[in-house]
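Please open the model in the viewer and keep the sequence at hand.

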Amino acid sequence: MSVVAPQGFRAAGIAAGLKVSGKPDLALVVNDGPEQTAAAVFTRNKVKAAPVLWSQQVLTTGTLRAVVLNSGGANACTGPEGFQTAHATAEKAAEVLGVGAIDVAICSTGLIGAQLPRDVLLAGVEKAAASLDASPESGLAAATAIMTTDTVAKQAVAVREGWSVGGITKGAGMIAPSMATMLSVLTTDAAVSAETLDSALRAAVRVSFDRLDVDGSMSTNDTVIAMASGASGAAPSVAELTVAFTEVAKSLAAQMQADAEGVTKRATIRVTGAASEDDAVTVARTVARDSLVKTALFGSDPNWGRIAAAAGYADAELDPDSLDITINGVLLCRGGVAAGDRSLADLSGEDVLVVVALGIGGGEAEILTTDLSHAYVEENSAYSS
C-alpha cells in the first residue's frame with residue numbers, strides 16, 4: 001500500500017497529457033493530518049531544477065500538506081519561466097485542496113531543458129485532486145505516474161505496532177547520489193517533531209539511497225520528501241523511526257537497482273577493513289563507478305585486477321600489500337597478488353558480491369551498482385527521442 005499505508009494520507013496518479021505516449025504522468029500525495037510535519041533531502045548538483053528550488057523554500061517551514069510530482073519533463077534549466085510554472089503548480093494544488101501554496105512541494109522528472117506545458121500541468125493537478133483516495137490502488141497509481149525509464153512501479157512499507165512508514169520512488173538511470181538520485185515520497189502516521197523526522201530521514205538516506213550508484217551521473221531534480229501525519233498517535237523514538245525509514249528506503253533502493261537501465265547484473269561492492277567508514281564508501285563507490293569493472297560484470301568476467309586498480313585510485317588510505325578481493329565467495333586476490341582459481345568465481349547469475357578487504361582498520365560500507373550493458377548505451381543514446 002506504500003504511501004497510503006500510514007493513516008492520514010491520500011494519493012492519486014493520472015494521465016495529464018505531459019507524456020506523448022499518454023501514459024500516467026502526474027501524481028499527488030496529500031497529508032490530511034492532524035499533523036503536517038515534513039522534512040526533505042535534495043540534490044547537491046549545482047544545477048538545480050525549478051521544482052527543487054521551489055521545494056527547498058517550502059520545506060524550510062518543516063511542514064507540508066501535499067506533494068505534486070510529474071514525469072514527462074524535468075523543468076530543469078528552464079529559467080524564470082520554469083520557476084513560475086513550479087510556483088503556479090503549487091498555487092493550483094493549494095487552490096483545489098484549500099491550503100496555502102507554501103504548503104505544497106513540487107517534484108518533476110524527465111528530459112532536461114524543455115518548458116512544461118503549464119495549462120496541461122495545472123489541469124492535471126485539478127484532475128488528480130478529484131481522484132484522491134486512500135486505497136492501495138491510489139498508492140500504486142501515484143508510483144506509476146512518476147515513472148520515466150522505469151519498467152515497474154516501486155513501493156515499500158514497514159509496519160510497526162500502532163504505526164507505519166510507506167514510500168514510493170522512481171529511478172532507473174542518472175543514479176549517482178550525493179544524496180538520493182530519484183524522486184521519492186515517504187510517509188508515516190507517527191506523531192513526531194520536524195527535528196526527529198529530519199534526523200531519521202537523513203540517517204536512512206545515508207545508508208540506502210546514498211549507497212546506490214548506477215552510472216555516476218547525478219540528476220538535477222533529486223528529491224526525497226518525508227511527511228508525518230501523526231494520525232496514529234504513536235510517538236516512536238528517533239532510533240525507532242530511523243530503523244523503519246531505513247527499512248523502506250533500502251527496499252526502494254534495491255528496487256531501483258533491480259530496475260536500472262539495461263541491467264543484467266546487480267552488484268554489491270562491499271569494502272571492509274578501511275581506515276574509516278568514509279574511506280570504505282569512497283573505495284566502494286570508486287569500484288562501482290569504474291567502467292572497466294562494470295563491463296567486466298556485464299561479461300561475467302571475474303577480473304579482479306580491474307577491481308584492484310579502481311580501489312587503488314580511490315581517494316582513500318590503501319596498502320596494496322594488505323588488499324584482498326573476493327568475488328561471489330571465491331578469494332581471487334590476497335595481499336595484492338593473485339590467489340585462487342578464477343574459473344571458480346561464477347558470475348553467470350544476476351547477483352554479484354564483490355568484497356574488497358583493505359586490512360587497515362574497522363571501516364566498512366556497501367554500494368549497490370549494476371553492470372554497463374549494450375542496452376544501457378542504446379537506451380540513453382536515444383533518450384531525447
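Begin by selecting strand β2: Leu-26, Leu-28 and Val-30 point one way from the strand, Ala-27, Val-29 and Asn-31 point the other way, and all are buried (buried means under 20% relative accessible area, exposed over 50%, and partly exposed in between, with a 1.4 Å probe and protein chains only). Strands here are DSSP runs of E with at least two residues, helices are runs of H or I with at least four, and both are numbered from the N terminus. The model is predicted: local features need pLDDT of at least 70, side-chain atom pairs count only at pLDDT 80 or more, and totals for chains, interfaces and linings use all residues. Residues are numbered from 1 along each chain as its sequence is written, and side-chain values use heavy atoms, leaving out hydrogens and water.

Six of the six residues of β2 (residues 26-31) are buried, so the strand is largely enclosed by the rest of the structure.

Arg-10 stands opposite Val-30 in β2. Then show strand β4 (residues 66-70), which runs antiparallel to β2 and is joined to it by five bridges. Here Ala-27 stands opposite Leu-69 in β4.

Finally, select Met-218, in the loop between α5 (194-206) and β9 (223-228). Met-218 is partly exposed, with a relative accessible area of 26%. A distance drawn from its C-alpha atom to that of Asp-259, 41 residues apart along the chain, reads 17 Å.

Notes:
Pairing = 2+ DSSP bridges.
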